[in-house]
Amino acid sequence: MNRSIVKSLENKTILITGSTGFLAKVLVEKLLRVQPNLRHLFLLLRAPDSRSAAQRLHTEVMGKEVFRVLRTKHGDEFNSFMSQKVTAIPGDITLENFGLREDSDLLKKLLKEVDIVANSAASTKFNERYDVALEVNTIGAKNVLDFAKKCVKLEMLIHISTAYVCGEKSGTISEKPIKMGETLNQTSEVLNIETELKRMQNCLRGFKAEQVSITEEKEVMENLGIQRARAFGWPNTYVFTKAMGEMLIGENGGNVPIVIIRPTIITSTYKEPFPGWSEGVRTIDSFLVAGGKGKLPCFLGNTETILDVVPGDMVTNAVIVAMVAHANHQSPNPFVYQVCSSQTDPLCSLRLRDYGYNYFIKNPLTGKDGEPIKMTMPICFPTMDSFRRYIYLNYTLPLKVLQFVNLASCQYFRNTCKDMNRKINQTLRLVEINVPYIFFKGTFDDLNTERLRMAVRANTKEASIFYFDPKCIDWDDYFTNIHIPGLVKYVIKQ
């Protein structure tokens, strides 16, 4: 890359969606820290009006710990700096023009001034309601593209997806766009996004006609999402609807310079703005948190399964470099970058269990009784079948015995049986929905991403600023001294 990345960002106006999300916050902080001469950042936040959006900006973005370094750098001028550089936009990606009126001055201003659009908005719940996931991950992606095409100064659109749009493929997974209507299995059913939308809308109309409860509606829509995803070879609603979002962007992009970033499992920051910052219990963190609280009796994984993780600041750096590299570079197809670690620095999934156990043995959490929580090494199950056998022998079979006793004792143990049955079903559902990632057998090709890294390395002054090479990570050190301590400090204790 011949030009300076930092210099290229000067006087740019960038619109970012999904602004309250973990990755978007890291992106906003990095942009403002390395290039204070950005012209402006417009952050789209779901809110009914400008006042509500501004309130969310202050409490859910600027008020977060991730801005600590920037706050220290600017001191008393921090709020003034942020008000000059950042504007909250009340809007919703599920609506055309984000719900802004066609004749509004705000919409006209955005279309006139925005140079780059970065779409990081997503509903990431694996078994999200089908209507919600379709509106945000699929139609939302198309709405962002349509908006970007109207921006008179547009240099490029960057869309943050997920590497797992590949489903459960094995072998090496390449960096290539998904074709419209492409499926992952041999089904004879045609994947048509319009048909999927109509199916979802008909289902919602049926709920109104039958006056079903909110709880029942939620359950049916969640099951519908999983059912439709698996009908075409995807394991869950999240990756299915993200894949359809990519299809719409690729099909309707025209000559807009489009980059799709596909990160794998995003974890806490590696170095910047400081090591270990995270927010919320994210994917693999649920296992670490459960282990630390003494609630992880077993663990699924084997020596052959690879856990593909990448720190959030590395994903952010890849996004920024791609912004600069592809600005005004027209192409008939989106350019795909997989930001991952399985090819260059693979991590065996079993090591996650060991990292958690070893850390909390030395640094135990405190229980409600004020005493240190005792740790036990989780039993490891190398296959899903071995886990199901364990659940059946240790939980389902005793439940059946208790249910028989309950019948003989005039329902004396009824509540206990219900509670046990609920916990067993919850555990099995949680594991079933995570199994595609626990036993994932693919590795992600990152040849395009490596070319991007090589371009950054050629610029020696900025190579240390925009790092995103996982080969530099010592996983033992990262999990033991950065990720898990950060999880305890910024997530568990808060």
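This is a predicted model: local features need pLDDT of at least 70, side-chain atom pairs count only at pLDDT 80 or more; totals for chains, interfaces and linings use all residues.

**A covered strand**

I began with β3 and found it mostly covered, with four of its five residues buried. Buried here means under 20% relative accessible area, exposed means over 50%, and partly exposed is in between (1.4 Å probe, protein chains only). Helices (H or I, at least four residues) and strands (E, at least two) are DSSP runs, numbered from the N terminus.

Residues are numbered from 1 along each chain as its sequence is written, and side-chain values use heavy atoms, with hydrogens and water left out.

Two strands pair if DSSP finds at least two bridges between them. I also looked up L41, and its bridge partner in β3 is V86.

**Helix α5 and its two sides**

Which residues of α5 (78-85) are buried? I noted F78, F81, M82 and K85. Seen down the axis of α5, these buried residues fall within an arc of 95 degrees, so they line one face of the helix. The arc is that of the directions from the helix axis to the C-beta atoms.

The buried residues pack against α2 (22-34), β2 (40-45), α3 (50-62), α4 (68-74) and β3 (86-90). Contact means heavy atoms within 4.5 Å.

I picked L31, which lies in helix α2. L31 is buried, with a relative accessible area of 0%. Leaving aside neighbours within four places in sequence, L31 is in contact with L9, I14, I16, L38, L41 and I320.

T162 was my next stop, in the loop between β5 (156-160) and β6 (171-173). T162 counts as buried, at 4% relative accessibility. Beyond its neighbours within four places in sequence, T162 is in contact with residues including Y238, K242, E246 and R262.

Most residues other than glycine have a negative phi, and most peptide bonds are trans. I went looking for exceptions.

F98 has a positive phi of about 60 degrees although it is not a glycine. F98 lies in the loop between β3 and α6 (105-113), and counts as buried at 1% relative accessibility.

Q211 also has a positive phi, near 55 degrees. Is Q211 buried or exposed? Q211 is exposed, with a relative accessible area of 71%, and sits in the loop between α8 (193-210) and α9 (214-231).

The peptide bond from E272 to P273 is cis, with omega near 0 degrees. I found P273 in the loop between β8 (265-267) and α11.

**Two helices crossing**

Last, I checked how α11 (285-292) meets α17 (475-492): the angle is about 80 degrees and the axes are 11 Å apart. Axes are lines fitted to C-alpha atoms, for helices over the stretch in contact, and angles run from 0 to 180 degrees between N-to-C directions. D285, L288 and V289 in α11 meet H483, I484, L487 and I492 in α17.
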